[in-house]
Amino acid sequence: MRSLARRSRGAGPLALVAALLGLLLLLAPAASAAGGLSDAAATMKKGRVYVDPDMTSRFSQSQADALTKKIDKADKPIFIAVIPDSPAYAKTGLKDFRTLVGIDGVYGVWHGDKFDAGGDRGAMGAGQPQRIAGAAFRSSGGDIDATLNSFVDQAVPQTKGTGVNHSTSIAWVVIPVVLIALAGAGVFFLFKRAKKRKEDQARAELEQLRRVVDEDITAFGVELERLDFSPAASDADDEQRTDYSHALDSYEKSKRLMDEAKRPEDVKQVTEAIEDGRFSLATLAARRDKRPLPERRPPCFMDPRHGPSVKDVDWAPAGGSARSVPVCQADADRVAAGLDPAIRTVDTDQGPQPYWNAGPAYAPYAGGYYSGFGGGGLLPGLLVGTMLGSMMSSPAYAAAPMMGGGYQDQHEGGDFTGADFNAADFSSGGDFGGGDFGGGGDFGGGDW
């Protein structure tokens with residue numbers, strides 16, 4: 001009996017959670033009786049893709065397994081269901097699916113001949129899942145496998161958060177019982193584990209940003225030295241000394257703020273300081289050379305280290321459409337000559353990438369440089385069709401992490417919320433298909 005007691009205590013909260021889950025499964029009505037979204041939601045506790053038996057002739061289990069493997073490899077909270085169309089799905093079907101699964105993420109539901117998508121803002125910007133779904137449906141000609149794979153391929157790099165820890169999700173299924181049985185101990189363990197995962201991710205993103213921002217600060221310092229200005233020089237006037245003092249203060253401020261940064265969104269203040277200092281530097285150079293003072297313009301879009309832009313030029317990123325972007329004179333000359341501009345690239349797991357395609361962590365980096373121009377509203381238009389552009393084109397751009405508030409306290413992709421989540425943060429809408437490849441044309445989706 002003593003050895004049995006020792007084993008019971010050693011099993012810990014998770015063993016009790018598993019036992020309680022087994023009891024609940026025995027007492028609860030069979031999920032299969034409800035069918036459709038209920039079965040799909042139950043499957044999501046174990047995997048990422050559900051196929052209703054009535055749809056396997058159009059989307060096979062092997063295709064579902066391959067798609068599941070792709071999502072698992074990407075480690076993103078993306079959930080896909082393939083079900084027959086039914087009146088039960090109707091207008092709130094996607095929201096019902098999200099509620100049943102209870103995980104903050106990106107959701108796609110193929111129902112009958114239509115494809116519907118939505119997502120929590122903690123995982124992807126409002127309206128972006130619908131835009132990706134529309135593009136995937138049209139490019140695949142309505143084929144289920146091609147549509148879903150295209151949707152996942154496009155959604156993966158734009159989805160924030162990490163994949164679901166299924167051992168933790170089991171606990172969340174029975175969390176009301178666990179609250180009573182464990183008197184809060186097990187719940188504390190789960191929250192602590194989820195919080196640690198988010199903190200680890202934030203630290204990794206901050207270190208990734210730190211290397212890049214330190215390079216920008218160093219480049220700013222080199223420009224200060226290259227100017228070779230002495231406030232005590234006989235030809236220096238008070239306006240020049242004021243410009244130099246402001247630039248020097250901005251340089252020191254950027255270093256201090258970077259040293260104090262604790263979260264990725266703290267980087268926004270650093271790049272704001274660099275942008276402000278570089279403009280003072282450009283103003284000082286103009287005063288010394290007796291040139292007209294520069295207009296306060298956004299930094300060069302190609303590389304903010306180039307300093308303030310001097311004009312706008314039409315330019316298209318790789319695979320994107322042309323748009324008007326602010327550039328320095330050197331990049332303007334390159335574009336006019338048909339050459340590639342000097343783009344700021346950063347290291348990623350996929351190799352060097354332009355900063356606007358390097359992941360959500362670079363939103364504060366870019367946002368700080370452009371925050372003084374239309375409240376940062378300029379940047380989403382410049383970044384249309386890029387990873388950061390899709391993220392900033394939603395109301396989330398004006399909230400955390402861009403504006404530096406509550407980044408770590410909000411739900412993000414992969415978090416377990418159960419049915420208790422803010423429906424206004426889940427964007428949905430835009431059925432594509434049913435014989436009309438435009439799907440009604442609601443690419444922006446709607447917010448519940």
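**Briefing: cysteines, cores and selected residues**

A search of the whole structure finds 0 disulfides, a disulfide being a pair of cysteine sulfur atoms within 2.5 Å. Cys300 is in no disulfide, and its nearest cysteine sulfur, that of Cys328, is 3.8 Å away. This is a predicted model, in which local features need pLDDT of at least 70 and side-chain atom pairs count only at pLDDT 80 or more, while totals for chains, interfaces and linings use all residues. Residues are numbered from 1 along each chain as its sequence is written, and side-chain values use heavy atoms, with hydrogens and water left out.

**Cysteines**

- Cys328 is likewise in no disulfide; the nearest cysteine sulfur belongs to Cys300, 3.8 Å away.
- Cys300 has 0% relative accessibility and therefore counts as buried; buried means under 20% relative accessible area, exposed over 50%, and partly exposed in between (1.4 Å probe, protein chains only).
- Cys328, at 8% relative accessibility, also counts as buried.

**Nonpolar cores**

- The largest nonpolar core has 43 residues, and Met258, Phe301, Val325 and Tyr365 have the most contacts inside it.
- Helix 9 (185-227), helix 10 (238-260), helix 11, strand 5, strand 6 (323-327) and helix 13 each supply at least two residues of this core.
- Helix 9 gives the largest share of this core, 8 residues.
- A second, separate core of 26 residues includes Val51, Trp110, Ile132 and Val156.
- A nonpolar core is a set of buried Ala, Val, Leu, Ile, Met, Phe, Trp, Tyr and Cys residues joined through side-chain atoms within 4.5 Å.
- Helices (H or I, at least four residues) and strands (E, at least two) are DSSP runs, numbered from the N terminus.

**Helix 13 and its residues**

- Helix 13 is mostly covered, with 8 of its 8 residues buried.
- These buried residues are Ala363, Pro364, Tyr365, Ala366, Gly367, Gly368, Tyr369 and Tyr370.
- Tyr365, one of the residues with the most contacts inside the largest nonpolar core, touches Leu209, Val212, Val213, Asp216, Val267, Thr271, Pro304, Arg344 and Tyr355, not counting residues up to four places away in sequence; contact means heavy atoms within 4.5 Å.
- Gly367 is found in helix 13 (residues 363-370) and has a relative accessible area of 1%, so it is buried.
- The C-alpha atoms of Gly367 and Glu272 are separated by 8.3 Å, although the two residues are 95 residues apart along the chain.

**A buried histidine**

- His111 is found in strand 3 (residues 106-111).
- With a relative accessible area of 2%, His111 is buried.
- The side chains of His111 and Asp85 are joined by a polar contact of 3.1 Å.
- A polar contact is a pair of N or O atoms within 3.5 Å; within protein, one must be able to donate a hydrogen and the other to accept it, and residues adjacent in sequence count only if both atoms are side-chain atoms.

- Asp75 is not a glycine, yet it has a positive phi of about 55 degrees.
- Asp75 lies in the loop between helix 3 (61-74) and strand 2 (78-83), and is partly exposed, with a relative accessible area of 36%.
- Lys290, also a residue other than glycine, has a positive phi near 60 degrees.
- The loop between helix 11 (267-288) and strand 5 (311-315) holds Lys290, which counts as exposed at 71% relative accessibility.
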